[in-house]
Amino acid sequence: MPLVKSTAIVLRSRKWGDADRIVTCYARSLGKIRGVARGARRQKSRFGAALEPFTVCRLDLFEKPGDSLFRISHVDVTTSFQSLREDLGLMDSAARMVNVVAAITPDGDPDPLLFDTLERGLSSLHQSKDPAYTALLFQIRLLGLTGFRPQTDHCVACGKVQLTGGPQFSPVAGGLVCLVCAARQRVRCVPLSLGSLAFLQQAVRLAPELVTRLRASGQVRSEIEAAIEGYVTVVAGKRLPPVDFLSSARSV
Ligand SMILES: [Zn+2]
């Protein structure tokens, strides 16, 4: 059984058997993986609290041929992010971040940029005056990184550029649709005001360090939240780009 070492962020941790824990992590050099920590729930476990969600750690893992489940033999905590587990608002936003990573990334497909984005995202929650908004911007960024960037230039169903009657966001199509195409969607579309459309267009185009300067409040914020929430749910359910128009977004 070869030993593998990687820095990782704990996405999920759940009880397994009498004393063990199964942990889902995003490992910088391995991508999303699952590992079992034997005896992790015993009082004097060598793992301690090192495998709590949001923790950044260095893992020693053993890989068994033909088994996707790693065995975790040692953990060193790099950043515990303890404060994210002590405040309900912070915990909810951090959970949104790790859940979207867990839901839309494939197993064993490492993307160091994605790892760094998640680590920075969790870290930025500390300083954020509005954690829910920080988590929303993170979700938009992650959709872009994983090839699911929302399409905001034209109707993704028929290609029409001039969207008379108000743009609609289709979670299933992953972008704007015109009113005619919106009526044909099997999941209800989110009507967007012009302010929301402008916000979304900027959010998908701006460099990540500039996106945090975008502000959204009131109607714009609630429309963007509804659109992104719906889209993430669709992406998480399908795990693959729903239709071929996303191939253009993927190459960006
Ligand atoms: Zn259309």
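A: Phe54 is buried, because 24 other C-beta atoms lie within 10 Å, and the cut-off for buried is 20 or more. Keep in mind that this is a predicted model. To find Phe54, look in the loop between E3 and strand E4 (56–62). Now check its backbone: phi of Phe54 is near 85 degrees, a positive value in a residue other than glycine.

Phe81 sits in the loop between strand E5 (69–79) and helix H1 (88–104). Phe81 counts as buried too, because 23 C-beta neighbours are inside 10 Å.

Okay, let's zoom out. Where they meet, domain 1 puts in 18 residues and domain 2 puts in 20 residues. On the domain 1 side, strand E1 (3–16), strand E2 (20–27) and strand E3 (31–37) each bring at least two residues to the contact. Sort that side by type and you get nine nonpolar, six polar and three charged residues.

Next, the inside. The largest nonpolar core has 71 residues, and the members touching the most others are Ile9, Cys25, Tyr26, Met97 and Val177. Both domain 1 (3–83) and domain 2 (86–250) give residues to this core, so it lies between them. As a rule, in soluble globular proteins nonpolar side chains tend to be buried together.

One last stop: a pair of helices. The axes of helix H2 (residues 112–127) and helix H3 (residues 131–145) come within 10 Å and cross at roughly 175 degrees. Angles over 145 count as roughly antiparallel, so that's the label H2 and H3 get. H2 brings Leu113, Leu114, Thr117, Gly121, Ser124 and Leu125 to the contact, while H3 brings Pro131, Thr134, Phe138, Arg141, Leu142 and Leu145. By type, the residues of this H2 and H3 contact come out as seven nonpolar, four polar and one charged.

Notes: Residues numbered from 1 in each chain as written. Predicted model: local features only at pLDDT ≥ 70, side-chain atom pairs only at ≥ 80, totals over all residues. Contact = placed C-beta atoms within 7 Å. Helix = DSSP H or I, 4+ residues; strand = E, 2+ residues; numbered from the N terminus. Nonpolar A, V, L, I, M, F, W, Y, C, P; charged D, E, K, R; others polar. Core = buried A, V, L, I, M, F, W, Y, C linked by C-beta atoms within 7 Å. Buried ≥ 20, exposed ≤ 12 C-beta atoms within 10 Å, placed from the backbone. Domains from an automatic or database assignment. Axes fitted to C-alpha atoms, helices over the stretch in contact; angles between N-to-C directions. Parallel < 35°, antiparallel > 145°, perpendicular 65-115°, else oblique.
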